[in-house]
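The paragraphs below go through the salt bridges of a predicted model. Please keep the sequence and the 3D view at hand while reading.

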Amino acid sequence: MRSPLILFLLYMLVAPIARASDDPYLDSLWAAYNTPGQTAEQRLRTLHEIVDQARYDHPDSAHALADDLLRQATAIGNADLIALAHRDLGGILETERDNAGALREFRLSIAIWRTVGDSAARRGIATALNSMGIIHKNAGRLDSALALYRQSMAMQIGMRDTAGLVYAHASIARVHEVQGQEDSALYHYTRSGELARIVGNERM
C-alpha cells in the first residue's frame, strides 16, 4: 500500500489534468477510468490513454501518471502494460528533451514486448522503433533514423497496419526531404496522405 505522502504528492501532480474542463476528451477518459466494476487491466489501459492525451499540455502530471502506470502494471505482472508504460515514459522523456532516457525506455519496451510476441506487441515494437527514429532524426543522425523507420515500416507492412504506415511514410519522407531526395520525399508524403484518408486520420 502506498504511503499517505506518496498519494498526496501524486494527487497534487495529477489534479490539474483531472480538472481539465477545457478538454472534453480527457474528461471522458477520467470518467471511464473512474467507472466502477472494471478489471485492473481495463483501468490501466485507460490510464495509458490519459497519459498519451496529457503528455504535451501537462507533461509533469503525465510523467507522474506514467510512473504510476508502470508501478501498477508491474504489481499485476502484465508484460504488455509494463512495456506500454515504458513506451509512454519514453515519449514523455523525449518531450522533456531527455533523449538518452527516452531511448532507454523505448529499448526496454521493445525488449519486453519481444517476450510477448502477439500482434499487439508487434504493433508496440513498431511504434517504439518509429519514436526512436524521430530522436535520431532530430539529432541529425539521418542514416540511423532511416534504418529505424524502415524496421518499423517492415513490421507494419507485415501486419497490414495501415494506420501505422501513415506515420512510417511521413517519417521517411521528412528524412529524404532533409537529404534533398525530393522525388522520394514526395512519394512518401503522397503515400502517407493517401493512407491517412483511408483510415480517417485528419492530422496528416
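R45 has a relative accessibility of 29% and therefore counts as partly exposed. This arginine has a salt bridge to D80, with 2.7 Å between the closest N and O atoms. D80 belongs to helix α5 (residues 79–95) and R45 to helix α3, so their pairing ties together parts that lie 35 residues apart in sequence. D80 counts as buried because its relative accessibility is 13%, which is under the 20% cut-off.

R45 also pairs with E41 in a salt bridge, and here the closest N and O atoms are 3.0 Å apart. E41, with a relative accessibility of 34%, counts as partly exposed.

Another salt bridge links E105 and R104, with 3.6 Å between the closest N and O atoms.

Salt bridges with shared partners join E41, R45 and D80 into one network. The model has six salt bridges by the rule applied here, among them E41 with R45, D80 with R45 and E105 with R104.

Technical notes
Residues are numbered from 1 along each chain as its sequence is written. This is a predicted model: local features need pLDDT of at least 70, side-chain atom pairs count only at pLDDT 80 or more; totals for chains, interfaces and linings use all residues. Side-chain values use heavy atoms; hydrogens and water are left out. A salt bridge is a side-chain nitrogen of Lys or Arg within 4 Å of a carboxyl oxygen of Asp or Glu. Buried means under 20% relative accessible area, exposed over 50%, partly exposed in between (1.4 Å probe, protein chains only). Helices (H or I, at least four residues) and strands (E, at least two) are DSSP runs, numbered from the N terminus.
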